[in-house]
Amino acid sequence: MINPPLSISISIFYSFFIALRSELYIIDAILPLTLLYIHRRELKKIALHLLKVELFLFILALLVYLFENDLDTSLLILQRSILIVTTTVLIFWGRDSFFIYKGLSSLGFPTKICSMSLFATKMIELSLKELERSKETLRARCFKPKTDIKSYKVYGWLFGVVTFKILQRSNVLAQSLKARGFRGEIASKLEVGFGYKEYVVLSIVLLDFIFFLWVYSR
Amino acid sequence: MSCSVNIIDLSYKIEDIALFENISLDVSHKEKVAIVGANGSGKTTLLKIIAGLIKQSSGEIKIFHESMKNLNDFDKHRGDIGYLFQDSDDQFIAPTVLEDVAFSLVNMGLDKEEAFQKARAQLVKLEIENLEDKIVYRLSGGEKRIVALAGILVLEPKILLLDEPSNALDDGCKKRVQNILNSIDSSTIIVSHELDFIKKVECKEYELTQKGLLLIS
Ligand SMILES: Nc1ncnc2c1ncn2[C@@H]1O[C@H](COP(=O)(O)OP(=O)(O)OP(=O)(O)O)[C@@H](O)[C@H]1O
Ligand SMILES: [Mg+2]
């Protein structure tokens, strides 16, 4: 996979690059396609995930079309957001909160910002884990999901419990960082290497950008 | 007698109801103290107060004869205080075992390679070097416990605060931890339900009650 600082730089650059354009070309799709190829072993899982996220984008575009009656704009919105979302999801696929921390810190961001981002992403991670765990709890305690009022009541409790746990978790996480003497440093075995994948991805982005400049200056 | 920790007339209230009152305890240099008590008697709370993680309602804590007026005062002693959380999951920060064990070392200014080397040596001491590259959240209950302990012991802190260290450990692990505790010079406060475990560590025993700390032996 691609190294942390390059991942962050490219996802930011590419998102802006696509979001600010009014015309898209086939060449813009090469980056997400290459990333898909890099992740080809998990294609099924990724596709399912992307489908879920992008269904929402599709509905959004459809609404724009229905209300504005402007096919071009709604198509452009759809294409742009699909490109950005697909690329971002693929770049950060299978990564943890640590990866982003590592990326920011090797890009030379100040310690404070890196630790804040670690704290924030770690909270999101813990929340997702908490949700996952509550699903297990429900299963272990013989809960059968139905659509009656009783089930909704259980969902309500669960929402309360998860919210509470997340608050408590953030408290404990702060305590743990303190108890363990956190000063913004985490030693990681993750090496920031620059291999052929990094070269390929970087060249694609640069080519895309040069192509855009060439079209634009004509 | 030189003391590492002095607890003077400590009380803690939750919504105006006292969890414990007028606790006093001196732990001298190299001394080991065990605290037992019923569930919910406030052992974890007491330990967190001593570690400077939460604030007492009244009373005083001294670390190396210096009064801790507020929680920030504890920061300059961070490297000297090792605190083991009751729930190991609460303690982990870095993704893999080696990185987590090295975590506090690096934050105390050790360079990365040196920290990893020390962390590895600690894993070997506890006979868990095979866990080095595992993701901490995916360890078994007992493995989590011993890894969490490794992250604290590697610091060789002058003050060691352990909340239920023997929880979930198998006999072999327990014995190794006991041997380490008996061989180190840290002033140690151990909270535990397991009398068998405490008996094998040379220490004074106290029971925490609402009225205060009672010396058992
Ligand atoms: N943040 C909090 N808000 C409200 N009550 C709390 C809070 N923290 C602890 N308590 C209460 O204080 C009491 C003591 O908790 P504590 O965790 O210190 O007990 P303990 O002696 O460590 O118990 P155990 O042996 O089960 O670990 C409990 O009754 C608990 O409900
Ligand atoms: Mg407790």
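**View 1. The open sheet of chain B.** In this predicted model, 6 strands of chain B make up an open sheet of mixed pairing, ordered β6-β7-β8-β3-β9-β10. Strands (E, at least two residues) and helices (H or I, at least four residues) are DSSP runs numbered from the N terminus, and two strands pair if DSSP finds at least two bridges between them. Residues are numbered from 1 along each chain as its sequence is written, and chains are lettered from A in the order in which they are written. Local features need pLDDT of at least 70, side-chain atom pairs count only at pLDDT 80 or more, totals for chains, interfaces and linings use all residues, and side-chain values use heavy atoms, with hydrogens and water left out.

View 2. β6(B) pairs in the parallel sense with strand β7 (residues 159-163) of chain B over 4 bridges. Opposite Y83(B) stands L161(B) of β7(B). Helix α4 (residues 141-153) of chain B packs on the sheet and touches β6 and β7 of chain B (contact: heavy atoms within 4.5 Å). The direction of this helix makes about 170° with that of β6(B); axes are lines fitted to C-alpha atoms, for helices over the stretch in contact, and angles run from 0 to 180 degrees between N-to-C directions.

**View 3. The enclosed strand β3(B).** Strand β3 (residues 32-36) of chain B is largely enclosed by the rest of the structure, because 5 of its 5 residues are buried (under 20% relative accessible area, 1.4 Å probe, protein chains only). K32(B), A34(B) and V36(B) point one way from the strand, V33(B) and I35(B) the other. In a regular strand, side chains alternate between the two faces of the sheet. β3(B) runs parallel to strand β8 (residues 187-191) of chain B, joined by 4 bridges, with T188(B) as the bridge partner of K32(B). Strand β9 (residues 204-209) of chain B is likewise parallel to β3(B) and joined to β3(B) by 4 bridges; here Y206(B) stands opposite I35(B).

**View 4. Chain A, built from helices.** Chain A has 8 helices and 0 strands. Its C-alpha atoms fill a box of roughly 65 × 50 × 30 Å along the principal axes. Of its 218 residues, 37% count as buried.

Technical notes:
Buried < 20%, exposed > 50% of the residue type's maximum accessible area, 1.4 Å probe, protein only.
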